[in-house]
Amino acid sequence: MDIIRAEERHLAAIQQIYAWHVTNGSASFETAPPDIEEMRARLAKIRSAGLPWFVLLEAGVVKGYCYLAAYRTRYAYRYTLEDSIYVDRDFRHRGAGSALLAKAVEWAERHGYRQLIAVVGNSENAASLGVHKKAGFSISGTLQNVGFKHGRWLDIVIMQRTLGEGAQTLPHREPGRQSA
Ligand SMILES: CC(C)(COP(=O)(O)OP(=O)(O)OC[C@H]1O[C@@H](n2cnc3c(N)ncnc32)[C@H](O)[C@@H]1OP(=O)(O)O)[C@@H](O)C(=O)NCCC(=O)NCCS
């Protein structure tokens, strides 16, 4: 498995992976799968924010992806990111999610971010809860019944992981710059 930065040529696979999870799962609270143009716009937005979108390749084929986005856009949140990970339904349970998340954590720490948030769709999402727990996240709280999809009410579980020195020190620099 290789993990590299997402490029335009990966968009079709990214769109297909996400579309399946939107249509069949409750991790995403989107209900209509976005098309490739929309995914292209999302990739461009992440890139223009200076943030990473990684793809995991197996034998050259995209099997999963993970990107980091601002948790919130207001300036005081600038040391806090949110991750999103999606793995091809037929490639789950092979370590791809863990590998992608480890790559994202490593990138975020190296670039001076201090907190990483996961907004986990659905409190029964054992895979997402598990992959984040294994990566050092803990549960901050549950927002109950805030979503309605596939005919049922859905919770959101907020998970959080400290990056680097966390709150033990004040920031040394603006986030986004690579450490020396
Ligand atoms: C969540 C997701 C990204 C995990 O990816 P994955 O490649 O299957 O996960 P991994 O194989 O790396 O598993 C890592 C750990 O997560 C946990 N885990 C994974 N799947 C699990 C499951 N179905 N039940 C319980 N724990 C699970 C385990 O602790 C596992 O470690 P182990 O194999 O040593 O036991 C993947 O299932 C997925 O795309 N789900 C749908 C979308 C989603 O929920 N994304 C997260 C949005 S916040």
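In this predicted model, a polar side-chain atom of lysine 134 lies 2.7 Å from an oxygen atom of the ligand. Considered alone, the ligand exposes 930 Å², and the protein buries 75% of that area. The elements that contribute two or more residues to the shell around the ligand are strand E4 (80–87), helix H3 (96–110) and helix H4 (126–134). Of these, H4 gives the most, with seven residues.

The shell can also be described by its members. It comprises 21 residues, among which Ile85, His93, Gly95, Gly97 and Lys134 come nearest to the ligand. By residue class, the shell divides into nine nonpolar, nine polar and three charged residues.

For valine 87, a backbone N or O atom is placed 2.8 Å from an oxygen atom of the ligand. For arginine 94, the corresponding distance from a backbone N or O atom to a ligand oxygen atom is 3.2 Å.

Attention may now turn to the aromatic residues. The structure holds eight aromatic pairs. One aromatic cluster is formed by Tyr18, Trp53, Tyr65, Tyr67 and Tyr86. A ring also receives a charged group: the charged end of arginine 78 sits over the ring of tyrosine 75, at 3.9 Å from the centre of that ring.

Finally, the chain may be viewed through its annotation. An unreviewed UniProt entry lists residues 1–164 under "domain: N-acetyltransferase". In the model, this span is 31% helix and 35% strand, and its end C-alpha atoms lie 26 Å apart.

Definitions and conventions. Residues numbered from 1 in each chain as written. Predicted model: local features only at pLDDT ≥ 70, side-chain atom pairs only at ≥ 80, totals over all residues. Heavy atoms only, no water. Near = heavy atom within 4 Å. Polar contact = N/O pair within 3.5 Å; in protein donor to acceptor, adjacent residues only side chain to side chain. Areas by Shrake-Rupley, 256 points an atom, 1.4 Å probe, with all protein chains shown as cover. Helix = DSSP H or I, 4+ residues; strand = E, 2+ residues; numbered from the N terminus. Nonpolar A, V, L, I, M, F, W, Y, C, P; charged D, E, K, R; others polar. Phe/Tyr/Trp six-rings, centres within 6.5 Å; stacked < 30°, edge-to-face > 60°. Lys NZ or Arg CZ within 6 Å of the ring centre and 35° of its normal. UniProt positions renumbered as here; feature names shortened; annotations may be inferred.
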